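Subject: Structure for you to look at

Hello,

Here is the structure I said I would pass on. My notes on it follow below.

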Amino acid sequence: MTATVIDGKEFAAKVRAQVATHVTRLKTDHGITPGLAVVLVGEDPASQVYVRSKGKMTVEVGMKSVEHKLDVQTSESDLLALIDQLNKDPEIHGILVQLPLPKHLNEELVVNSVDPAKDVDGFHISNVGLLGTGQKSMVPCTPLGCLMMLRDHHGSISGMNAVVIGRSNIVGKPMAQLLLNDSATVTIAHSRTKDLADVVRRADIVVAAVGRPEMVLGDWIKPGATVIDVGINRLDAPEKGEGKTKLVGDAHYESCAAVAGAITPVPGGVGPMTIACLLANTVTACCRANG
Ligand code: GUN
């Protein structure tokens, strides 16, 4: 079997087009422009790339984009003061504090200082609790993007065996929760799971979010299963020339694609969906704020 490639780039473009239509309607019918504020502390190169890309796409769908780039040595009280100001700003409907934060800042405290109604990342403890109890919440963007692709591909995932590899608060845990809320039978596996290959072999849906390049191999995959690869790992690629790198996922693409029924590529799979969902969450937050 050769897997169907789930084109996240194309899907994300459709989601962004829907968001743009919604934004136009909010502007023309209600005079409201949704606003997204992104806060970046320090100069982590990967974070800078993400933040630039988020800002560009926010503007492309017609929303207001505000970027706050703070020095790596910014104090916790200054960061909390900025978040407080953004919480109170009626023109800002979504706030995203780019993670990871420098080590001297308490990530939990910072994340929980964002107004839950503006928490477009879905990381605030209130949103985590709401999602965990199946209530209306802001849903973390990466797992939401994965769920949208799964629903689109399968129609319903009710009753399917899903294995999520990875237990992070950003991806693994909310992903498992979303799959469960859609009535899948969910296993969360991680780096300490015994006989991981055997656990994965039982899955109709595999979500790989461990952060280990090409760890999930084709002979772990049940024939016809769907593989959603959340990993973005940069590897040296001397075959492309000196100093060149390539992006790979947490699944070994060629061997998994030979067995799976469907698979998301890296790049061009989950990544573009994450930003599209961030924009969608901002519109959702804006609509909720304005009744
Ligand atoms: N860093 C890596 N992924 C994310 C994300 O989804 N949100 C935030 N705020 N930071 C991240």
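A word on the record before using it: UniProt annotations may be inferred rather than shown by experiment, and their positions are given here in the numbering used for this chain. The model itself is predicted.

With that in mind, UniProt, in an unreviewed entry, places the feature "domain: Tetrahydrofolate dehydrogenase/cyclohydrolase catalytic" at residues 6–121. That span is 49% helix and 16% strand, and its end C-alpha atoms lie 24 Å apart.

The domain assignment divides the protein into domain 1 (31–115) and domain 2 (141–271). Taken over C-alpha atoms, the centres of domain 1 and domain 2 are separated by 28 Å.

Next, the ligand. The residues surrounding it are L96, V97, Q98, L99, D121, C141, T142 and I170. By class, this shell has 5 nonpolar, 2 polar and 1 charged residues. Strand β4 (94–97) and helix α6 (141–154) each supply at least two residues of the shell. Because domain 1 and domain 2 both give residues to the shell, the ligand lies between them.

As for V206, leaving out residues up to four places away in sequence, V206 touches V163, V200, V216, I221, A225, V227 and I228.

Regards

Definitions and conventions:
Residues numbered from 1 in each chain as written. Predicted model: local features only at pLDDT ≥ 70, side-chain atom pairs only at ≥ 80, totals over all residues. Domains from an automatic or database assignment. Near = placed C-beta within 6 Å. Helix = DSSP H or I, 4+ residues; strand = E, 2+ residues; numbered from the N terminus. Nonpolar A, V, L, I, M, F, W, Y, C, P; charged D, E, K, R; others polar. Contact = placed C-beta atoms within 7 Å.
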